[in-house]
Amino acid sequence: MFAACFNNRFTNALVYYVSLLLLILVSPLLFIWELVNTVPSCFRCKENMSGKVVLITGASSGLGELIAYEYAKLGAYLAIIARNKPESRLEQVAHRARELGSPDVLFMFADVSKVDECRMFVDETVKHFGRCG
């Protein structure tokens, strides 16, 4: 009985420590493997956006503004939307996007929380560019 109990405890401890050792040794290798496979994708050629229509909401400031500039650099047609007319910088963003390489920029004011206004700016984009996407 004592031998079986000893064997059980010994085997359990052995499995535990061997598993822990394998985890400690294999984890960094898996991390390096993922890193090697992921990093090159950051430097691959970007999708050709030249001539495509991109509709961006919240484009008067922040992330929306930066996204508009990045798509302008790629040569996309832009439809940019902002909610507030008076304090909006949307016209300045449209002008800067044209300078960065966008062939045409349509800017509109609409509230994306209202379904009718969403339909309106999608319809206006399709009417202006002949397509969306």
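This is a predicted model: local features need pLDDT of at least 70, side-chain atom pairs count only at pLDDT 80 or more; totals for chains, interfaces and linings use all residues.
Let me start with helix H3, residues 90–100, where the buried positions are Leu90, Val93, Ala94 and Ala97. Buried here means under 20% relative accessible area, exposed means over 50%, and partly exposed is in between, with a 1.4 Å probe and protein chains only. Helices (H or I, at least four residues) and strands (E, at least two) are DSSP runs, numbered from the N terminus.

Residues are numbered from 1 along each chain as its sequence is written, and side-chain values use heavy atoms, with hydrogens and water left out.

What do the buried residues of H3 pack against? They pack against helix H2 (62–73), strand S2 (77–82) and strand S3 (105–109), where contact means heavy atoms within 4.5 Å. On the other side of H3, Glu91, Gln92 and Glu99 are exposed. After H3 comes glycine 101, with a positive phi near 125°.

A salt bridge is a side-chain nitrogen of Lys or Arg within 4 Å of a carboxyl oxygen of Asp or Glu. Arginine 96 and glutamate 99 are 3 residues apart in H3, which means about one helical turn between them. Arginine 96 is partly exposed, at 38% relative accessible area.

The whole structure has 5 salt bridges. Another of them joins glutamate 70 and lysine 73, with the closest N and O atoms 3.2 Å apart. Both residues lie in helix H2, again 3 residues apart, about one turn of the helix. Glutamate 70 is partly exposed, with a relative accessible area of 39%.

Then there is arginine 89 with glutamate 65, at 3.1 Å between the closest N and O atoms. This pair links distant parts of the chain, 24 residues apart: arginine 89 is in the loop between S2 and H3, and glutamate 65 is in helix H2.

Serine 60 lies in the loop between strand S1 (53–57) and H2. It is buried, with a relative accessible area of 16%.

Now the surface. Phe10, Leu14, Val18, Leu21, Leu22, Leu25, Val26 and Leu30 form a nonpolar patch with about 740 Å² of accessible area together. Patches are made of residues with over 30% relative accessible area and no salt bridge; like charges are joined within 9 Å, and nonpolar side chains (Val, Leu, Ile, Met, Phe, Trp, Tyr) within 5 Å. Valine 18 lies in helix H1, residues 2–42, and counts as partly exposed at 41% relative accessibility.

Finally, the chain overall. There are 4 helices and 3 strands, in the order α-β-α-β-α-β-α along the sequence. Of the 133 residues, 24% count as buried.

Key
Accessible areas come from the Shrake-Rupley method with a 1.4 Å probe; for residues, only the protein chains shown count as cover.
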